[in-house]
Amino acid sequence: MTHAMLKGSNVPLQATTVRAVLRWTPGSGAPDIDASALLLGPDGRVRSDEDFVFYNQPRHPSGQVWRLGKKRVAEGLTDTIQTDLSRVEPSVGRILLVASADGVTFDRVRSLRILVHDAASADAEPLAYFDVKPETGQETALICGELYRRGEGWKFRALGEGYSNGLKGLATDFGISVDESEGAEDPLSAPRSEPTFPPAQPGPAQTSATQPAPAQPVVDPEQPTTVQPLPGASGPLPPEQPAGVPAQPAYGFPQQPPATQPAYGYPQPTGAPGYGYPQTPAAAGAAQSGYGYPQPVATAPDPDFRMPPQGPQFVGR
């Protein structure tokens, strides 16, 4: 669970390695923020100048407190201090977490927040967060919070104490020696060892109101091409009729296509019987029988043929 903290409140820390993240919203006229840490001994002061971790001395000689540098995240910009609490020297009782602006007051800084994370679970929710509000707005350095020992463990306390004389004035109050004599080398005033965080790169802009034409699909020569149906068609196209295959008849069983379709009832060509019972094949050159049963074919008139007797109604006519 994430603890939303008020000024002066504290929360115990179960994590052995913590990450204190300063986060703010950049904008026009907003200063660049730097995170730093001071390791304090039993008397509440640094033991030496080496106990000051900042942009020109990003790692403590013990290797247990160091700066991770600046990053751009969805909510803004961050600068981070990481500490391995389980290995901090026993003579260190407090670690101050400081935010400073380079000669610009904190009334121009928007949404300054310090978040404490378990470094072993970087993607998890923060353990606690504190929204830092300057008291006068003229501060150029702020103690956002502190990690301090309590018995065998550590706690985090939200502070929000400001300094109008900047990081140099804050560091001097806790025992850092700053030589202000002419020609003396001042590590706080020396050029930073890291470059200024680059601004966000703008996304690609649309240079024309006309949308670009969609890319044409690449045809794979190894794949068969799919035939698309015509517009308005209710289904796929039928396959093409192979060349040399006669068309099928519309209704009924397939028929042998005759050269000339005979009329109904008349003599049929050889091999194609007419309507009715099968016909007896006629001799070559003989005429086919008419409708009905087969008839004998006479080649000459019968001399013995006589007409049958006729009735009286036909006599004399």
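The buried residues of helix α1 pack against β4, β5, β8, β11 (141-150) and β12 (153-163). That makes a handy place to start walking through this predicted model. The helix itself covers residues 166-173, and its buried members are G166, L167, G169, L170 and A171.

In general, strands of a sheet pair through backbone hydrogen bonds, and they may do so in a parallel or an antiparallel way. Here 6 strands make an open sheet with antiparallel pairing, and if you trace across the sheet you meet them in the order β2-β12-β11-β8-β4-β5. At the edges sit β2 (10-13) and β5 (52-53), each of which pairs on one side only. Strand β4, residues 33-40, runs antiparallel to β5 and is joined to β5 by 2 bridges. If you look for L38, you will find that its bridge partner in β5 is F52.

Is F52 buried or exposed? Its relative accessibility is 2%, and buried means under 20%, so F52 counts as buried. F54 is buried too, with a relative accessible area of 5%. What do the two rings do with each other? The centres of the F52 and F54 rings are 4.5 Å apart and their planes meet at 15°; planes under 30 degrees apart count as stacked, so this pair is stacked. F54 also forms an aromatic pair with Y55, this one edge-to-face, at 5.2 Å centre to centre with 70° between the planes. Like F54, Y55 is buried. Together, the ring pairs link F52, F54 and Y55 into a cluster.

R59 lies over the face of W66, at 4.7 Å from the ring centre. Elsewhere, the charged end of R157 is placed over the ring of Y148, 4.1 Å from the centre of that ring.

Back in the sheet, strand β8 contains A101. Its relative accessibility is 9%, under the 20% limit, so A101 counts as buried. Who surrounds A101? Setting aside neighbours within four places in sequence, A101 is in contact with P31, D32, I33, F106 and T140. Of these contacts, D32 shows how the fold brings separated parts of the chain together: D32 and A101 are 69 residues apart along the chain, while their C-alpha atoms are separated by 6.0 Å.

Finally, take a look at the loop between β7 (76-84) and β8 (94-101), where S91 has its place. S91 has a relative accessibility of 33%, which lies between the limits of 20% for buried and 50% for exposed, so S91 counts as partly exposed. Which residues does S91 touch, not counting those up to four places away in sequence? They are L40, G41, P42 and R47. One of them, G41, is 50 residues from S91 in sequence, yet the two are 5.7 Å apart in space, C-alpha to C-alpha. With R47, S91 makes a polar contact of 2.6 Å that joins the two side chains.

Key. Residues are numbered from 1 along each chain as its sequence is written. This is a predicted model: local features need pLDDT of at least 70, side-chain atom pairs count only at pLDDT 80 or more; totals for chains, interfaces and linings use all residues. Side-chain values use heavy atoms; hydrogens and water are left out. Rings of Phe, Tyr and Trp (its six-membered ring) pair if their centres lie within 6.5 Å; planes under 30 degrees apart count as stacked, over 60 as edge-to-face and the rest as tilted. Buried means under 20% relative accessible area, exposed over 50%, partly exposed in between (1.4 Å probe, protein chains only). A charge sits over a ring if NZ of Lys or CZ of Arg is within 6 Å of the ring centre and within 35 degrees of the ring normal. Helices (H or I, at least four residues) and strands (E, at least two) are DSSP runs, numbered from the N terminus. Contact means heavy atoms within 4.5 Å. A polar contact is a pair of N or O atoms within 3.5 Å; within protein, one must be able to donate a hydrogen and the other to accept it, and residues adjacent in sequence count only if both atoms are side-chain atoms. Two strands pair if DSSP finds at least two bridges between them.
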